[in-house]
Amino acid sequence: MAGTQHTQTHPKFTWLFLGTPNGHACTPVVLRTVAETEDTAREAFCGWKLTFAAKIRTESPLSVSFMDPESQILWSILGSDPYSTDAVPMEVRNA
């Protein structure tokens with residue numbers, strides 16, 4: 001067998017929608033689900049009127065955030081693919 005196999009054939013995403021139940025006039029709520037496609041995500045909320053809000057990659061190898069209480073600076077540390085044989089590049093953001 002040539003090449004490397006990866007067990008994940010389709011990436012999954014977290015889908016966010018603003019939704020209201022069909023037949024109700026109310027303030028929309030945030031609905032969240034994990035699915036491979038937007039259509040599959042929408043199927044999880046039958047009976048709801050949905051507005052797409054966000055598509056977020058679910059499988060994140062490294063994501064850490066923290067806030068320095070004195071300076072009120074938010075720090076985020078992000079990594080890359082843990083299955084790669086290459087060196088893992090790191091990124092540090094100061095927001």
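Strand β1, which spans residues 13-21, is mostly covered, seven of its nine residues being buried; buried denotes a relative accessible area under 20%, exposed one over 50%, and partly exposed the range in between, with a 1.4 Å probe and protein chains only. T14 is found in this strand and is buried, its relative accessible area being 10%. Apart from residues up to four places away in sequence, T14 touches R32, T33, V34, A54, K55, I56 and T58, a contact being defined by heavy atoms within 4.5 Å. In a regular strand the side chains alternate between the two faces of the sheet.

The largest nonpolar core comprises eight residues, namely F13, W15, F17, L31, A35, A41, F45 and L50; such a core is a set of buried Ala, Val, Leu, Ile, Met, Phe, Trp, Tyr and Cys residues joined through side-chain atoms within 4.5 Å. The elements that give two or more residues to this core are β1 and β2, and the largest share, three residues, comes from β1. When neighbours within four places in sequence are left aside, L31 is in contact with W15, L16, F17, G19, F45, W48 and L50.

The count of salt bridges comes to one, under the criterion of a side-chain nitrogen of Lys or Arg within 4 Å of a carboxyl oxygen of Asp or Glu. It is formed by the side chains of E38 and R42, at 3.0 Å from N to O. Both residues lie in helix α1 (residues 38-43), four residues apart, or about one turn of the helix. E38 is partly exposed at a relative accessible area of 27%, and R42 is likewise partly exposed at 29%.

Over the chain there are one helix and six strands, and from the N terminus on the elements run β-β-α-β-β-β-β. Buried residues make up 15% of the 95 residues, while the chain exposes about 7500 Å², of which carbon and sulfur atoms supply 54%, with areas from the Shrake-Rupley method and a 1.4 Å probe, only the protein chains shown counting as cover for residues. Of the contacts between residues at least 6 apart in sequence, 35% join residues at least 24 apart.

Residues are numbered from 1 along each chain as its sequence is written, and side-chain values use heavy atoms, with hydrogens and water left out. As the model is predicted, local features need pLDDT of at least 70 and side-chain atom pairs count only at pLDDT 80 or more, whereas totals for chains, interfaces and linings use all residues.
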